[in-house]
Amino acid sequence: MKRFLVRRLLFYLPVMLLVTIIVFSLVFLLPGDPAVMLLGEEADPKLLELYRKELGLDRPIPVQYAAWLGGVFTGDWGRSLRTQEKILVELRNRLPVTLQLGLLGFALSLLIAIPIGMFTASRPNTVGDTAGTLFAIGGVAIPDFWAAVMLIYLFAVILGWLPAGGYVGFFDDPVQNMKTMALPVFVLGFEQSAGVMRQTRSSMLDVLRQDYIRTAHAKGLGESVVLVRHALKNAFIPVLTILGLRVAIMLGRTAIIETIFGLPGVGRFAVTGVTQLDLPVVQGVLLLSGTVVILANLATDILYGFLDPRIRYT
Amino acid sequence: MKLWLFRRTLPLSLLAASALGVAGACGPAEQPTPTATPARIPTPTAVVAPTPTSAPVVAVATPTPTRTPTPTPVGVQIKRGGTLRFRIEGDVRNMDSLLSTAGGEQAVMTILYENPVRSTRDLGLEPWLAKSWEVSTDGKALTLRLQTGVKFHDGTPFNAAALKFHFDRALDPKVGSIQAPLLQQVEAAEVVDDSTLRLRLKNPDATVLGVLADRGGMISSPTAVRATAKEEYTRRPVGSGIFKIKDRVSDSHITYERFPSYWQQGLPYLDQVTARIISDPSVATAAFRSGGIENFVVPQATDLPVLEKTQGVNLSGLPWPGFWYFAVNPTVKPFGDPRVRKAISMAIDRNALMQVAYGGRATPLYGPIPPAFGWAYDPAFKKYDYNLAEAKRLLAEAGYPNGFTVSPVVWFGGAERKSVIEAIAAMLGQVGIKLDLLLVQSAVASKGYLVDWQYPAYYSGVGPRPELHVIMAEHFHPDSPKTVGGPAIVPAGLREALDKAAQTYDSKERGALYRKAQDIIVEDMMRIFLYSQTEYEATWAYVKGYTSHPSALRNFAQTWLDR
């Protein structure tokens, strides 16, 4: 197991380096001039030049990259051109919001998807199957920005049960925090559940056709025991692959959800960073996201090892 | 000698009232008090004794404050305390008034800063931290007499030295404030005594007071500026306003709390004010309707019917201080011919356009002076109005009886702008002018048209600008880099009219000069002016003692919550 881990880590290091290079170069593809973004279109050209120099934008790109990378390792991820705040400080402040949204949304998507996937797989081509599938597909088909606004109108304006956007920290007021997170988590979880559900369903169907399942039934084991103890574990490997990919997708979706609901998270930070051409912010967020995705993939690899002993020993 | 100014200058409307002919008096400017005395216009009385300088000083009567928010009628019990929440669209970058560049930043800065002069509801001026002012006869010295007893949030006293520090900083090239070009006529600020500051001007310039009513005049505590690093100060500045910053969460909210040592005893009534950052317009409206915020500027015209019908909502119209236009590049054929430009103006039915874009909630415009500037706007000015037959005749006379194609017509923006530009394309199609619309990013569009003169046609707007001079000069003065086609295409007499207006303190005279400039601009059809829309500010009825301002410069001094 240890060798396996070390090998995986060594594999991911060059990937991280490649990520940093891509992250850094991508921002230069964004159209527009950051100095103009900062000072406005009507600014004095001399002032614009001054700002460009101050921001170091006049240096050659490899030099800028080296300086940035050096900063990253020493904990200096730069300052936001927009808010003047240190990027690491901003990310540290915002990460709890996105983590809460992401983790709860992820958990919700699993809670919705896996039972429905198992349920529909055990009753293929029945009304139950169709209903379950429709429910999950609805999550994918309905655009999240529309669903979000509709839910806000229902729960905030008409019913008055939940606030319309905004965020309160968990440690400041747990009840209000739950209220502000309820709708965003629901929207995120619901839309993410469809993909997981489909994958669960199809890999369960494969597994349920196997001989050992028939044996289990023959032994007299109950439906739920067969499904959970025998089928699910085996069906879970392809699902796990999906989950690893889901993390990356969900990072993207949080950007939209946080923007609509007004949550001060990392996703929102990225959106404003791009629209305002706040290059250090974009670089910082991309680097963070890249790291998270790589870690998620690493976790997936390790979990494979736990789930399937055959993988561990190769 | 550059007398045109990029941005902000503010007309001195009420200055006119008594002023120039009369060696007039300065009736003492009324202090805004918490009680309900309505403002009175002072009648000129005695002659002010000249101050001990070599140049004789002419006292210019200072206008009486009229922008005190609707005071609570006497006898009503004011409830103190509570938090008022309003909406802003996005987080702000710079709250250091001299470094602020983005439009949305004024809304959050006006809560904690104060200015020597303030902008009134019709975009005129009234005294504030400068109780009164005088101009020397040669126009090159402006003396400000300051309010006493004012403190900044950190306890530093506000005085002439603090104001001088502000001017020095604004003009310092190392600070790099964008207010510097607007104050370029200010040579130096001299402390006369603790509550008197004299500005020495290189040339007479009436627009300086206007700059002081906006960002350029929001005064920071010198102690705080000196003691704090630039990046930190801009996040938590220190002013002398009714509220001071309590805390900020990026992309979430900015909270202000009551400043107990505010120079007007007893104010404010509120304990806290919160600026909530809500980007999505639909969510903003939902937040208002569900009681999450007390006040916001209605972002979408489609929300207005619902809000009008909702019980307990006060809607206040904000005429937009700016104009929307369709521009054709005079350096590109066939737009060099003024007949073609006039034909375009006459092919557009602005009233129909209003229905398409704003459901009628806008004013058609035929010149650059928007209705928000009550003291200069002429509602009867309607030159080159809709006349399809005449448009066709002019085009034929210019040699284009069958019209022509314009490609590309550059524009940017959302759904409302899209419907306007498409309606214009349909209208111009009727005289044979075909528009090939091209949607691009705003920075690309404005640079491409206004700076590089690259595109043949462009649809955009100018504003909001609380200063009329900026609106008039930015795109039309021969020295402005945004005058497309350069000084060569600017018609005769325009430079003189604009320059003279910038030196005139009397708002009646000034208004007349701007109307003259408007006439010259429209006769040459330098732009085809379209409309100026009316925005609306919504407030719940339990919010008392609050009045709207066209630039959404909120003043919560006398506001209280009746619940």
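**Surface first, then a strand**

Modeller: Chain A exposes about 15800 Å², with carbon and sulfur atoms supplying 70% of it; such areas come from the Shrake-Rupley method with a 1.4 Å probe, and for residues only the protein chains shown count as cover. This is a predicted model, where local features need pLDDT of at least 70, side-chain atom pairs count only at pLDDT 80 or more, and totals for chains, interfaces and linings use all residues. Residues are numbered from 1 along each chain as its sequence is written, chains are lettered from A and ligands numbered from 1 in the order written, and side-chain values use heavy atoms, leaving out hydrogens and water.

Biologist: In chain A, where is confidence lowest?

Modeller: Confidence here is pLDDT, the predictor's score for each residue from 0 to 100. Chain A averages 85, and helix 7 (residues 144-158) of chain A has the highest mean, 91. The lowest mean, 69, belongs to helix 2 (residues 34-39) of chain A.

Biologist: Why is strand 18 of chain B largely enclosed by the rest of the structure?

Modeller: Buried means under 20% relative accessible area, exposed over 50%, partly exposed in between (1.4 Å probe, protein chains only). Strand 18 (residues 457-462) of chain B is largely enclosed because, of its 6 residues, the number buried is 5.

Biologist: Which strand runs antiparallel to strand 18 of chain B?

Modeller: Strand 16 (residues 404-411) of chain B pairs with strand 18 of chain B in the parallel sense over 3 bridges. The antiparallel one, joined by 6 bridges, is strand 14 (residues 323-328) of chain B.

How values were computed:
Helix = DSSP H or I, 4+ residues; strand = E, 2+ residues; numbered from the N terminus. Pairing = 2+ DSSP bridges.
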